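Here is a short briefing to read alongside the sequence and the 3D view. Have both open, and we can walk through them together.

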Amino acid sequence: MNANEKRKTLKEVKVGESAVIQSVGGSGSGRQHLLDMGVIPGTEVTLVKLAPMGDPMELRIYDYELTIRLADAENIGVSEPYIKKEEKDSSAFRAVRAHPGLGEGGKYHEKGTEPLPKDELLTFALAGNQNCGKTTLFNQLTGANCHVGNFPGVTVDRKSGSIKDHPEAEVTDLPGIYSLSPYSDEELVSRRFILEEKPKGIINIVDATNIERNLYLTLQLMELEVPIVLALNMMDEVKGNGGSVDVNGMEDMLGIPVVPISAAKNEGVGELVNHALHVASYQEKPAMQDFCGKDDHGGAVHRCMHGIMHLIEDHAAAAGIPVRFAASKLIEGDALVLKALCLSDNEKEMVEHIIVQMEAERGLDRSAAIADARFSFIREICAQTVVRPKESKEHVRSRKIDRVLTGKYTAIPSFIAIMALVFYLTFGVIGEGLKTLLQMGIDALTSVVDGALRSWQVSEVVHSLVIDGIFTGVGTILSFVPIIVVLFFFLSLLEDSGYMARVAFVMDQLLRKIGLSGKSIVPMLIGFGCTVPGVMATRTLSSERDRKMTVLLTPFMSCSAKLPIYGFLAVAFFPKVSWLVMIGMYFIGMAMGILIAFVSKKTVFKGEAVPFIMELPNYRLPGAKNVARLLWEKTKDFLKRAFTVILVATIVIWFLQTFDFRMQMVDSSKSMLATIAGLIAPLFAPLGLGDYRIVTALISGFMAKESVVSTLVVLYGSAELMTAAITPCAAFALLVFCLLYTPCVAAVAAIRKELGTRWMLLTVVGQCVLAWLAAGLVSLVGFLIGLL
Amino acid sequence: MNLPSILILIVVGVILIADVAYLCLRARNQKGGCDGCDGCNGCNLCKKRDKSDRR
């Protein structure tokens, strides 16, 4: 490039054009994340498309799709792509290599080397990039049923389990990470686990369809000096598309055992376990770590790395940090490692001089130079051992689908249409049909039991307990099982297929207007199913500010437990437009969430959302087993709730509303419940909800939202009696109150765990006040137009 | 109160006690680090998680 020529930025590249990265600007975690994802000088990128609202952009780099915002793209200098030299057929210079046999019986053990004692627990860390199949492999290894999704960052915390048939071995599934930089919580959790808990081995799972970027983490894991086995996942996809990997060659070059597997099909997993057990029990550490070549760009990085390694050797040993890892992190400017090493000022100065000299010689800043050295080594490995597959059919399919689902004019209509279809099918067709069927079954069973109790002449109290209490309360809730399961079915389809990631890409620009990033949409969509996993899913957000805001907004996305309330009240009071009322509730919740976001953006959460750097996975057909397992879990979960918390609540409420304080069976208006709830009822009188039965139902809803309906049915006796007791306007105010008031106790516990007690109390009190105001507004409007 | 009434009361009583015991146990697990997702998928988070990881 001519020195006087104005250098282009990535932002100026046109859709469909390719360019070569020349410089990566910016600072902090965003920049480091870009470097870790392979956005380094010398790499070719292609601009695939811009999001429908013009921002962010989708890039193709190293055989995968990456999204970044235009503001970040502006910091990346690019030049025209090189004219490619004719690439050699990599298979031409691949000599047939003998299998090095790393991780196999006895080859590398000197006589007398003993394995770890048989009774010693072999602990493994399962590490890999996001969305490379870790949890699928974890499930295969342990026989567990952890949820698997097709969205980067489904695993938000680590979990452990024993390897099947090997009780002496335990594997811990770590969150998906791209590097061991200390910039995100996931990376810190993973790195701390390996450094502090010292697992006996690491199983590093790598997506073989995107091998370059995945090996970047492998090189860092190798620096930790822990025995490691590389699992090349999705090899079936690579082979199916004409690619292959010279496993022997890769094993030879990396110095660690390499095992091709397909976690989804359970192929090669047995061999992987054998190798892992072997390297762990013999403590076979990686045979090589020196990826910084002497001849790579004059060897500047090599000399810098080794110079610092010699300098800090004693400090690293004292701190218990592998010296090469410590040196590379020092060069990258890792403050945590610097602190742990306790270097003297003189040593710090020497380290800085060495790094500055390297920067001058290499012509790149420290972080970029290290990333470039790693990627150079990876390119070398791939050139010698990987035959690239032609474009996979999964990728071709994804491109075709994305033409519509992320197309400029079709993305948002598609999103609205998909969500409308999901809700229509859930409430209108499948769910409602199944619900009616189940309701008929429950009614039939109730009348059989009622007949039996009468024929046995059981006492009036016991009859009332069984029929008016248990059957009415629990039966009403059970009839909603189909609707809730169908809603979860569609939400899991959206997540497993890979569509959620696209929604994040499409909605980023819109969400940024309310101070959030596109990634926040995913926890919120999950919140439509249940607030608890929605709140937990916010852990994938790297910024504390975004996370707090998203946690606070998630309860406004009406969860499936509130469905019975809408279903019951909407059908009872607004039979002709019940579906409209139900969908309206969802929109009111979302509108309220947006309003709160706007207010908090201007007050509590000032500032901008973090960079939106995310991988777009290929669309995949969700596995029937995975979906079936999820549905069964949700059904089981719901049944468990119905027969535990709701049953207990129903019986307690039946008891309180059947007896007075002298334990005499009385009319419900003179019962204990009427007396207790009557104390709080005046607070709700301005909303037209001053009836003690409604107040009781709302209190029971704190335990589980479904309880609101069972309590109302038990207290009023039937929907007809309830419609006679309160006006439609008051019923609508009740619906709004139920939508907005405090989340249930499980969600409150999740919020407390994520944000602490202060934010939890703020959510509980704040949402109650907001619900009261909104319901008051409904009552006021109703009063003004004469409905009350 | 006749025999069927007493038998039904005993059954309901036993279920109630079992439910309350389960709910108490779950509450204790939540205190110990369980996510309280109420849909135990065998992740054993409540038993395995190192508290230092928690935010």
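Predicted model: local features only at pLDDT ≥ 70, side-chain atom pairs only at ≥ 80, totals over all residues.

Chain A holds 31 helices and 15 strands. Its radius of gyration is 30 Å, close to the 28 Å that the globule rule gives for 788 residues, so chain A is as compact as a globular protein of that length.

**Overall build**

- The C-alpha trace of chain A spans about 90 × 65 × 55 Å along its principal axes.
- Of the 788 residues in chain A, 60% are buried.
- If you look at contacts between residues at least 6 apart in sequence, 73% join residues at least 24 apart.
- Chain A carries 76 positive and 81 negative side chains, with the centres of the two sets 5 Å apart.

**Two residues to look up**

- A:Ile163 sits in strand β8 (residues 159-163), and it counts as buried because its relative accessibility is 4%, with the limit set at under 20%.
- Beyond its neighbours within four places in sequence, A:Ile163 is in contact with residues including A:Phe124, A:Leu141 and A:Val273.
- A:Gly143 is 20 residues from A:Ile163 in sequence, and their C-alpha atoms are 7.9 Å apart.
- A:Leu277 belongs to helix α8 (residues 269-281) and is buried, with a relative accessible area of 11%.
- Leaving out residues up to four places away in sequence, A:Leu277 touches A:Phe124 and A:Ala169, among others.

**Salt bridges**

- The structure has 28 salt bridges over all chains.
- A:Lys265 pairs with A:Asp236 in a salt bridge whose closest N and O atoms are 3.1 Å apart.
- This pair links distant parts of the chain, 29 residues apart: A:Lys265 is in the loop between β13 and α8, while A:Asp236 is in helix α6.
- A:Lys265 is exposed at 52% relative accessible area, whereas A:Asp236 is partly exposed at 26%.
- In the salt bridge between A:Glu332 and A:Lys329, the closest N and O atoms are 2.8 Å apart.
- A:Glu332 and A:Lys329 are about one helical turn apart because they are three residues apart in helix α10.
- A:Glu332 is buried at 9% relative accessible area, and A:Lys329 is buried at 0%.
- Elsewhere, salt bridges with shared partners join A:Asp55, A:Arg69, A:Asp508 and A:Arg512 into one network.

Notes: Residues numbered from 1 in each chain as written. Chains lettered and ligands numbered in written order. Heavy atoms only, no water. Helix = DSSP H or I, 4+ residues; strand = E, 2+ residues; numbered from the N terminus. Buried < 20%, exposed > 50% of the residue type's maximum accessible area, 1.4 Å probe, protein only. Contact = heavy atoms within 4.5 Å. Rg over C-alpha atoms; globule rule 2.2 N^0.38 Å. Lys, Arg positive; Asp, Glu negative; His and termini not counted. Charge placed at Lys NZ, Arg CZ, Asp CG, Glu CD. Salt bridge = Lys/Arg side-chain N within 4 Å of Asp/Glu carboxyl O.
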